[in-house]
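Hello,

Here is the structure I promised to pass on. Please have a look, and my notes follow just below.

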Amino acid sequence: MARVPVRTCVGCRTRRPKPDLVRITRAPDGSVGVDPTGSAPGRGAYVCRDRVCVQLASRKGGLARAMRATLPPDDLATLVEEIEKEIG
């Protein structure tokens, strides 16, 4: 039986199986976005498929800290919209 990797949500800090989370990446060129495949190159962070966790991650600065990048408010708002589209 295959082992399922576990990751921590940057919003609620809960550990969950990787398929239950949305991966956010900072690409080598510095752009930050949603990684629907879960395997794009670059620094990755994970957030639960829950709007509350997404809001927590953005409000508390968890996304920017996990990405080790400065996210201006308009870029952060765009990223949150992308995540919410991925959640459905």
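Two strands pair if DSSP finds at least two bridges between them, and helices (H or I, at least four residues) and strands (E, at least two) are DSSP runs, numbered from the N terminus. This is a predicted model, in which local features need pLDDT of at least 70, side-chain atom pairs count only at pLDDT 80 or more, and totals for chains, interfaces and linings use all residues. Residues are numbered from 1 along each chain as its sequence is written, and side-chain values use heavy atoms, with hydrogens and water left out.

First, the sheet. Three strands form an open sheet in the order E4-E3-E5, with antiparallel pairing. Strand E4 (32-35) and strand E5 (43-48) are the edge strands, each pairing on one side only. On average, neighbouring strands of this sheet are turned by 30 degrees against each other, direction ignored (axes are lines fitted to C-alpha atoms, for helices over the stretch in contact, and angles run from 0 to 180 degrees between N-to-C directions). Four bridges join strand E3 (residues 21-26) to E4 in the antiparallel sense, and Arg-26 stands opposite Val-32 in E4. Packed on the sheet is helix H3 (residues 73-87), which touches E3, E4 and E5 (contact means heavy atoms within 4.5 Å). The direction of H3 makes about 5 degrees with that of E4.

Now the cysteines. A disulfide is a pair of cysteine sulfur atoms within 2.5 Å, and the count comes to zero disulfides. Why? The sulfur of Cys-12 has its closest cysteine sulfur in Cys-53, 3.5 Å away, which is too far for a bond.

Best wishes
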